[in-house]
Amino acid sequence: MNMIQAINSAMDVMMDRDPDVVVMGEDVGYFGGVFRATAGLQQKYGKNRVFDTPITECGIIGVAVGMGAYGLRPVPEIQFADYIYPALDQLVSEAARLRYRSAGEFISPLTVRSPFGGGIFGGQTHSQSPEGIFTHVSGVKTVIPSTPYDAKGLLIAAIEDNDPVIFFEPKRIYNGPFDGHYDTPAKSWAGHPEAQVPQGYYRIPLGKARIARAGEALTILCYGTMVHVVENTVAATGVDAEILDLRTLVPLDIEAIETSVKKTGRCLIVHEATRTSGFGAELLSQVQERCFYHLEAPIERVTGFDTPYPHSLEWAYFPGPVRIREAITKIMKD
Amino acid sequence: MTGPEDSDGAPASAGRNLPPLRLHVPEPPARPGESADFTHFDIPAAGSQPRPDEAAQPAEMREMAYGLIRVLDEDGRAVGAWNPKLPPETLLRMLRYMALTRAFDARMFRAQRQGKTSFYMKSTGEEAVSIGAALALARDDMCFPSYRQQGILIARDWPIVDMMNQIYSNKGDRLKGRQLPIMYSARDAGFFSISGNLTTQYPQAVGWAMASAARGDTRIAATWCGEGSTAEGDFHSACTFASVYRAPVIMNVVNNQWAISSFSGFAGAESTTFAARAIGYGIAGLRVDGNDVLAVYAAMRWAADRARANGGPTLIEHFTYRVEGHSTSDDPSAYRSAEESTLWPLGDPIARLKQHCIAQGIWDDERHAAMDRELAEMVRDAAREAEKNGILGHGLHHPMETLFEDVFEDMPWHLKEQQQQMLDEWKAAGL
């Protein structure tokens with residue numbers, strides 16, 4: 001399966017298992033979603049469980065919060081992560097706090113799916129990576145898969161989870177892994193080991209990182225599309241780096257990070273999102289606090305620049321192989 | 001073309017030969033020191049409004065959004081098509097609940113002034129909106145209130161000691177001292193957790209109603225906001241969703257004329273009514289005398305019956321007046337005429353129902369005075385009971401480490417770590 005098919009399969013499996021699961025969003029019903037993620041679900045489960053919504057993100061999430069309070073398990077879609085901001089009040093002030101402020105009387109078991117990330121010439125409003133906004137909010141979990149296998153298992157776990165989950169899907173790798181070499185032909189998921197996806201139910205627990213590549217010389221923390229860019233760049237440099245695909249940002253798999261950095265003594269953080277106050281800053285701070293006496297070099301970050309996401313200058317902005325290689329060289333010098 | 005033009009045919013801009021544009025900034029009829037005047041309000045006679053069938057199409061009942069449904073006339077008689085013809089025991093229950101709400105407000109306001117808690121908000125003058133609604137709904141219908149519908153909890157016989165425990169944030173507070181006073185949550189009373197963020201409950205109520213409909217349930221939802229917060233985007237998204245999916249929901253706008261210091265003109269009241277907002281969405285809209293509990297009851301009952309029959313949503317504007325300050329942190333004499341509340345043409349909801357009950361021969365002044373005394377004692381006793389669990393800032397609160405609970409269903413490692421760090425710091429400090 002490619003990642004879209006895996007995501008579709010996760011919703012299909014959960015809708016079949018649990019009559020409380022409902023899917024909603026702009027164009028998700030009859031049409032099956034602008035990325036085809038919900039194709040066939042309305043036909044199979046009916047309009048009471050899979051339905052198109054008006055174009056109002058605050059309404060989509062607000063209505064989903066009310067459905068969750070009733071006892072349903074909504075899976076709302078925000079068409080692009082760049083358009084999640086109108087729903088921020090409902091996510092931050094309501095979904096994230098409902099359990100806390102009602103001392104558990106009401107809960108928000110939502111899974112908010114949203115395509116995110118760049119690398120597709122999406123310009124300013126089809127490329128953003130706003131995960132750092134949500135990791136800063138207490139009460140929501142933030143999940144970002146990087147493979148079809150993980151996407152299905154993590155999405156099933158997210159839907160089953162009784163806390164609100166922001167599930168960001170790196171749209172650059174919906175149809176195939178992306179190594180950062182934009183000038184070479186696109187690859188498909190066919191033949192990729194992580195594209196072997198079981199048809200039925202399985203779950204990958206939230207809060208657990210995946211070792212994408214085991215190594216001894218350097219720890220690289222990344223997630224989403226960047227896992228593939230980092231894997232490819234590491235292979236080209238020949239450095240024996242350990243690549244951690246974090247998969248869940250909150251709650252973070254701190255044990256996996258600490259174990260790896262204490263082993264390697266070096267740490268590089270890579271994400272597409274802008275640098276200042278990005279999630280990388282939290283990772284850097286955690287590593288510094290926990291692994292200070294094991295560090296043999298300063299912790300480095302390769303991230304998007306602190307600018308809006310540009311259109312024609314996308315490959316100057318994108319943290320691609322050139323920038324990652326330079327950072328690896330710098331960090332290995334000490 | 002008759003106007004001045006540029007050489008390319010476009011109208012000439014201001015400054016050449018046109019009057020300057022003017023920005024209209026609304027101004028309330030009376031400021032402090034000025035005499036209030038409500039003569040510009042068009043108050044139709046009680047009983048003059050027609051009562052459309054519950055199945056009527058929104059387009060057939062546009063005038064309901066501009067009129068004012070009124071049942072109780074100046075002599076306390078219940079008149080017209082909207083008279084719900086309630087039995088005496090229901091009338092007296094309504095009267096008691098409204099009086100209890102007012103007694104509760106008086107006691108808790110004083111508790112705040114005595115330093116027993118940080119904050120309180122009264123609903124003086126608006127008791128009918130909550131009590132009339134609560135009695136018209138089924139107990140298992142879910143209410144999504146704003147912060148000024150404490151009357152719903154009282155009308156659903158929620159223990160007032162429990163409400164006070166919340167206000168005192170004490171060890172008896174079911175919300176564990178996490179919420180600002182009056183932000184109740186009472187799932188068992190069909191009372192949704194109150195949020196400080198205005199009108200977020202509107203789309204939530206619509207979603208709850210949609211869920212009930214999708215499940216083939218028979219329960220409906222009702223929600224409330226003030227006229228000021230109809231300006232929030234959530235109001236629009238909720239109306240759109242309610243209309244699109246014909247959700248079984250009642251959306252109440254409590255137009256008490258004031259949003260803190262801003263008069264209703266800043267929410268758009270100079271140009272139209274709030275009930276008329278419904279027309280554009282294709283929703284049934286009713287405008288009601290919010291100080292007439294029988295009218296409130298009748299309108300809510302109409303809307304509830306309509307929703308239960310899959311007739312879709314109703315938007316009800318309750319026309320009333322916020323008699324007191326916005327909250328214990330507010331002094332209304334800084335922005336409005338002190339005369340206003342005494343001149344308010346729709347009177348006091350309790351006095352009006354009392355007059356009706358007396359006119360019906362089921363009540364008298366002596367019984368009313370006795371009831372007020374009894375309720376004041378009851379509230380005083382409840383407050384003493386609640387104070388045994390502690391008042392704000394006097395130590396009898398939930399254990400400090402509970403502040404980390406319920407952020408998530410299970411406490412993740414980083415919260416456990418912060419919890420332990422806090423306990424270690426307090427211990428190290430010898431506390």
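Predicted model: local features only at pLDDT ≥ 70, side-chain atom pairs only at ≥ 80, totals over all residues.
## A surface patch, a chain and its partner

B:Leu23, B:Val25 and B:Phe266 together make a nonpolar surface patch with about 350 Å² of accessible area. One member, B:Leu23, sits in the segment before α1 (88-113) of chain B. Is B:Leu23 buried or exposed? Its relative accessibility is 78%, so B:Leu23 counts as exposed, since the exposed class begins over 50%.

Now step back to chain B as a whole. It contains 12 helices and seven strands. A compact globule of 431 residues would have a radius of gyration near 22 Å, and the 24 Å of chain B agrees with that. Among contacts in chain B with a separation of 6 or more, 74% join residues 24 or more positions apart. Here are some overall values for chain B:

| Property of chain B | Value |
|---|---|
| Box filled by the C-alpha atoms, along the principal axes | roughly 85 × 70 × 55 Å |
| Residues that count as buried | 54% of 431 residues |
| Accessible surface | about 18300 Å² |
| Part of that surface from carbon and sulfur atoms | 51% |

Chain B also meets chain A. The size of an interface is often given as the accessible area lost when the parts come together. For chain B and chain A, the buried area is about 3700 Å², with carbon and sulfur atoms giving 59% of it. Chain B brings 44 residues to the contact and chain A brings 45 residues.

How many salt bridges are found across the interface of chain B and chain A? There are three.

Conventions
Residues numbered from 1 in each chain as written. Chains lettered and ligands numbered in written order. Heavy atoms only, no water. Patch = residues over 30% accessible without salt bridge, like charges linked within 9 Å, V, L, I, M, F, W, Y side chains within 5 Å. Areas by Shrake-Rupley, 256 points an atom, 1.4 Å probe, with all protein chains shown as cover. Salt bridge = Lys/Arg side-chain N within 4 Å of Asp/Glu carboxyl O. Helix = DSSP H or I, 4+ residues; strand = E, 2+ residues; numbered from the N terminus. Buried < 20%, exposed > 50% of the residue type's maximum accessible area, 1.4 Å probe, protein only. Rg over C-alpha atoms; globule rule 2.2 N^0.38 Å. Contact = heavy atoms within 4.5 Å. Buried area = accessible area lost by both parts, 1.4 Å probe.
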